[in-house]
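Please walk through this structure with me, from the overall fold down to single residues. Keep the sequence and the 3D view at hand.

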Amino acid sequence: MARSANSPLTPFSPAFWRSPLRGPWLTSVLGIVLLGGITVLFVTGLVSYAAYNPNLAPVNDKTPEKGILGFYLFSWPTSPHWLYRLNQGVHVTLGITLIPVLLAKLWSVLPKLFTLPPARSLAHALERISLLLLVGGALFEFVTGVLNVQLDYLFPGSFYTLHFYGAWVFIGAFVVHAVLKTPTALRNLRRMREGKEVGTGEGTGEGTGEEDRELIAPSPAAPTVSRRGALWFVGGGSLLLFATTVGQNFDGFLRRTALLAPHGGAEPGSGPGGFQINKTAAYAGIREADTSDEAWRLVVEGRDGRTVRLSRAELLDMPLYSAALPIACVEGWSTSDQWWRGVRLRDLAALVGHDQDPPDVLVESLQQRGAFRRAALRANQVADSRSLLALFVNGEDLTPDHGYPARIIVPAAPGVLNTKWVARLTFGDL
Ligand SMILES: Nc1nc2c(c(=O)[nH]1)N[C@H]1C(S)=C(S)[C@@H](COP(=O)(O)O)O[C@H]1N2
Ligand SMILES: [Mo]
């Protein structure tokens, strides 16, 4: 396309894009990395959502309109006890690590955004609309995910809804895109390994698609970095993000390496309760007057409305059990196993008429406001002998921030189901 000397170049002219790095080679390598990585993000994301037991009770369900999108939901197991910790650690760490790859991939195909005419045919128009959903969906998922990890108060209660529906919109476009593009990307990679130039079709007679050539700058500027150098740059960025994030899943020195994670750095305070806190007692509006031995009573309700009220002293008179379990938050931070001690949930169910086969339970906190003040646990979680109403952690009373006088701890469950400052348990089919 000829250009008159005095018309300024705009992004709509192919000649505007001058980087010699753009081309099928870079786009294919980045695309294949994202194909694998995003598939893992999608699966761990769906699994994480299932772990909340959204189908169990309305209090757990942030997406009551999901319809068939909930087809895959299953009863979350209690073993292995680190299941949610692993799943969510992978989801968040991998998501953050892939940010440079995603940005580089979008950069590599940026000229296509400006292709004119907007649509050459109906098929081309549909492809471009699916690309819009793909790029928009990817940015939306990465941005909402990062914001939730960094500033979880930004989406009071609505993060799950946004991230869940966003994931389905994105994955629809992603599947269409992957089916259309994977053969090209693999062919390009194969040719690259054979040492052939990709994208130019030079000396091969093998066709290179028109869209492949579209990526190559018609009048490239002189290179400032090789294509391999560019890949090292992207990979280095990913490595840096990985190295400054992954530590939030461990304790001690490793957590201190998690410079970019809000739950990295030093553990809050020393002593037995000195591990990460999600919301403090002060933040949750828990008053000391309500947690004192005189004031606090646990209300347990069960079969046919049978109800008991227990002081902390009465709970201490029940058989106490121990369990070594982590706290694992949706935000991708977790603790190693802590040593909890308290009353088994199944024993509390037995107190109110559910001697055999304990049912589901609705747990309510002293906390008056906030999305996480109530949660439902499924019968399989109540039945597990490691599921406790914990009174102690690491050999001492719970600290106020970790839920004194009593909190829930359930193996393999996401942190959000481990309700702190418990005031009421209602056993029964939910
Ligand atoms: N009442 C109440 N319980 C709660 C929460 C809350 O905000 N209110 N946050 C939950 C979340 S999201 C997590 S990750 C864990 C964190 O437990 P910790 O602060 O003891 O580490 O508590 C859970 N229990
Ligand atoms: Mo959490």
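Buried means under 20% relative accessible area, exposed means over 50%, and partly exposed lies in between, with a 1.4 Å probe and protein chains only. By that rule lysine 181 is buried, because its relative accessible area is 19%. Lysine 181 sits in helix H6 (residues 159-193). Helices (H or I, at least four residues) and strands (E, at least two) are DSSP runs, numbered from the N terminus. The C-alpha atoms of lysine 181 and glycine 31 are 8.8 Å apart, yet 150 residues separate the two along the chain.

A word on the basis of all this. This is a predicted model, in which local features need pLDDT of at least 70, side-chain atom pairs count only at pLDDT 80 or more, and totals for chains, interfaces and linings use all residues. Residues are numbered from 1 along each chain as its sequence is written, chains are lettered from A and ligands numbered from 1 in the order in which they are written, and side-chain values use heavy atoms, with hydrogens and water left out.

Now the whole chain. The C-alpha trace spans about 85 × 45 × 40 Å along its principal axes. The secondary structure comes to 13 helices and 10 strands. Of the 430 residues, 47% count as buried. Contact means heavy atoms within 4.5 Å. Among contacts between residues at least 6 apart in sequence, 69% join residues at least 24 apart.

Next, the domains. The domain assignment gives domain 1 (14-243) and domain 2 (288-427); such bounds come from an automatic or database assignment. The C-alpha centres of domain 1 and domain 2 lie 40 Å apart. Their contact takes 28 residues from domain 1 and 31 residues from domain 2.

How much area do domain 1 and domain 2 bury between them? The figure is about 2,400 Å², with 56% of it on carbon and sulfur atoms. Buried area is the accessible area (1.4 Å probe) that two parts lose on being put together, summed over both. In domain 1, Thr78, His81 and Arg85 lose the most area to domain 2. Together they make up 28% of what that side buries.

What joins the two sides? A salt bridge is a side-chain nitrogen of Lys or Arg within 4 Å of a carboxyl oxygen of Asp or Glu. Across the interface of domain 1 and domain 2 the rule finds 0 salt bridges. A polar contact is a pair of N or O atoms within 3.5 Å; within protein, one must be able to donate a hydrogen and the other to accept it, and residues adjacent in sequence count only if both atoms are side-chain atoms. Across the interface of domain 1 and domain 2 there are 13 residue pairs in polar contact, both residues at pLDDT 80 or more. Helix H1 (24-51), helix H2 (83-97) and helix H5 (122-150) each give two or more residues to the side of domain 1 that touches domain 2. H2 gives the most, with 6 residues.

Helix H1 also holds serine 28. Is serine 28 buried or exposed? Serine 28 is buried, because its relative accessible area is 6%. The side chains of serine 28 and asparagine 188 are joined by a polar contact of 3.0 Å. Beyond its neighbours within four places in sequence, serine 28 is in contact with Ala185, Asn188 and Leu189.

Turn to the charged pairs. The structure holds 11 salt bridges. One of them joins aspartate 61 and lysine 66, with the closest N and O atoms 3.0 Å apart. Both aspartate 61 and lysine 66 are buried. Another links aspartate 290 to arginine 287, at 2.9 Å between the closest N and O atoms. Here arginine 287 is exposed, because its relative accessible area is 56%. Aspartate 290 is partly exposed, at 28%.

Finally, some backbone details. The peptide bond from serine 79 to proline 80 is cis, with omega near -10°. Proline 80 lies in the loop between H1 and H2. Tyrosine 404 and proline 405 are also joined by a cis peptide bond, with omega about 10°. Aspartate 304 has a positive phi, near 55°, in a residue other than glycine. Aspartate 304 is in the loop between strand E1 (298-301) and strand E2 (307-310), and it counts as exposed because its relative accessible area is 76%.
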